[in-house]
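Me: Hey, can you help me look through this protein? I'd like to go over its charged side chains.
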Amino acid sequence: MSPISYFQIMKKNIEKATLGAGCFWCIEAVYRRLEGVEKVQSGYCGGTIKNPSYREVCEGRTGHAEVCEIEFDPDIISFQELVNVFWKIHDPTTINRQGNDVGTQYRSVIFFHNNTQRILAEKSKNELCESAYYENPIVTEISALEKFYPAEDDHNAYFESHRQEPYCRFVILPKVEKFKNTFAHKLKKAGD
């Protein structure tokens, strides 16, 4: 086999999804455990200034949402499956709030990368609304991705490196455990 054809076989088809479901530490801690997810990057989308800082976003001065950019292999996990997880890991019926985290930066949002993602996200939201799974209306925003700004380095793998901090123990850990119980069949194998 020639080196070029071998390289083409080994090259993965990677796509991106960008989701906001409250604090990006929670989103990242869940999605990094999914089989087929190659990388999860915390960051900011949907605001009015360039290169926002965590402090600016938390103070609500930028209009950005805390999000995670998820790189995934669609041959292993689909965008639709990522959205199915999204609906289960947060409350999409609360405006600008997830638990005690309050502000526009914590809004429920799907930033689509292409028209296919837009269609799938809208269809999924509509089906969830029609199912009456939630008592209150779903307020999740579905918007085109304009610009993703990566968060500062210390926000990535935050849960993994700060497990003993109160926010991690009392907010993130219960979400991760619920996710692991609900989506056990989608988890990465040990050692991944």
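Me: Is arginine 33 buried or exposed?
Reply: Keep in mind that this is a predicted model. In it, arginine 33 has a relative accessible area of 16%, and buried means under 20%, so arginine 33 counts as buried.

Me: OK, and which side chain does arginine 33 meet in a salt bridge?
Reply: That's glutamate 160, with 2.7 Å from N to O. Arginine 33 sits in the loop between helix H2 (24-31) and strand S2 (37-45), while glutamate 160 is in helix H6 (residues 158-161), so the pair ties together parts that are 127 residues apart in sequence.

Me: Is glutamate 160 buried or partly exposed?
Reply: Partly exposed, at 27% relative accessibility. Glutamate 160 also meets the side chain of arginine 163 in a salt bridge, at 2.9 Å from N to O. Arginine 163 is partly exposed, with a relative accessible area of 36%.

Me: Which residues are linked in that network of salt bridges?
Reply: Glu28, Arg32, Arg33, Glu160 and Arg163.

Me: Switching topic: what does arginine 107 pair with?
Reply: Its side chain forms a salt bridge with glutamate 141, 3.1 Å from N to O. This pair links distant parts of the chain, 34 residues apart: arginine 107 is in the loop between strand S5 (101-102) and strand S6 (108-112), and glutamate 141 is in strand S7 (residues 141-144).

Me: And how accessible are arginine 107 and glutamate 141?
Reply: Arginine 107 is buried at 10% relative accessibility, whereas glutamate 141 is partly exposed at 27%.

Me: Last one: how many salt bridges does the structure hold?
Reply: Eleven.

Terms used: Residues numbered from 1 in each chain as written. Predicted model: local features only at pLDDT ≥ 70, side-chain atom pairs only at ≥ 80, totals over all residues. Heavy atoms only, no water. Salt bridge = Lys/Arg side-chain N within 4 Å of Asp/Glu carboxyl O. Helix = DSSP H or I, 4+ residues; strand = E, 2+ residues; numbered from the N terminus. Buried < 20%, exposed > 50% of the residue type's maximum accessible area, 1.4 Å probe, protein only.
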